[in-house]
Amino acid sequence: MNEIDRKTSAARCPLCGNATEVAFKPFCSKRCADIDLNRWLSGVYAVPVKVDDDEDGERQADTDGSERS
Ligand SMILES: [Zn+2]
């Protein structure tokens with residue numbers, strides 16, 4: 001059962017399937033790393049939260065690194 005393991009020992013980019021570049025682990029390029037990051041962020045901010053009874057509309061999405069005025 002080691003054959004499969006050996007074949008997959010070379011990690012592949014989860015996005016496009018190309019061989020992983022060490023510098024951009026686990027992706028093959030900065031592009032793919034970027035895409036994944038965007039997906040991740042989108043996923044985080046797209047989480048459907050049901051907070052109708054929240055306080056004065058305080059949003060967690062405001063933690064974007066921007067200052068609050
Ligand atoms: Zn890729």
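Author: Let us start at the zinc ion, whose protein donors are the SG atoms of C13, C16, C28 and C32, lying 2.3 Å from it; donors here are N, O and S atoms within 2.8 Å of the metal (3.2 Å for Na, K and Ca), and sites may look incomplete since water is not among the atoms. Please keep in mind that this is a predicted model, in which local features need pLDDT of at least 70 and side-chain atom pairs count only at pLDDT 80 or more, while totals for chains, interfaces and linings use all residues. Residues are numbered from 1 along each chain as its sequence is written, and side-chain values use heavy atoms, with hydrogens and water left out.

For four tetrahedral donors, the ideal angle at a metal is 109.5 degrees. Along the sequence, the donor residues follow the spacing C-x2-C-x11-C-x3-C. Within this set, C13 and C28 link distant parts of the chain, for they are 15 residues apart, although each sits in the loop between α1 (2-7) and α2 (30-45); helices are DSSP runs of H or I with at least four residues, numbered from the N terminus. Both C13 and C28 are buried, a word that stands for under 20% relative accessible area, whereas exposed stands for over 50% and partly exposed for what lies in between (1.4 Å probe, protein chains only).

Now look at the loop that holds these two cysteines. G17 has its place in the loop between α1 and α2, and its C-alpha atom is separated by 8.1 Å from that of C28, eleven residues away along the chain. G17 counts as partly exposed, because its relative accessibility is 30%.

The side chain of T20 reaches the backbone nitrogen of R12 at 3.4 Å. Between the C-alpha atoms of T20 and A10 there are 7.4 Å in space and ten residues in sequence.

Side chains of opposite charge can pair when their charged atoms come close. The side chains of D34 and K30 meet in a salt bridge, at 3.4 Å from N to O, where the term requires a side-chain nitrogen of Lys or Arg within 4 Å of a carboxyl oxygen of Asp or Glu; by this rule the count comes to one. D34 and K30 are separated by about one helical turn, because they are four residues apart in helix α2.

How values were computed
A polar contact is a pair of N or O atoms within 3.5 Å; within protein, one must be able to donate a hydrogen and the other to accept it, and residues adjacent in sequence count only if both atoms are side-chain atoms.
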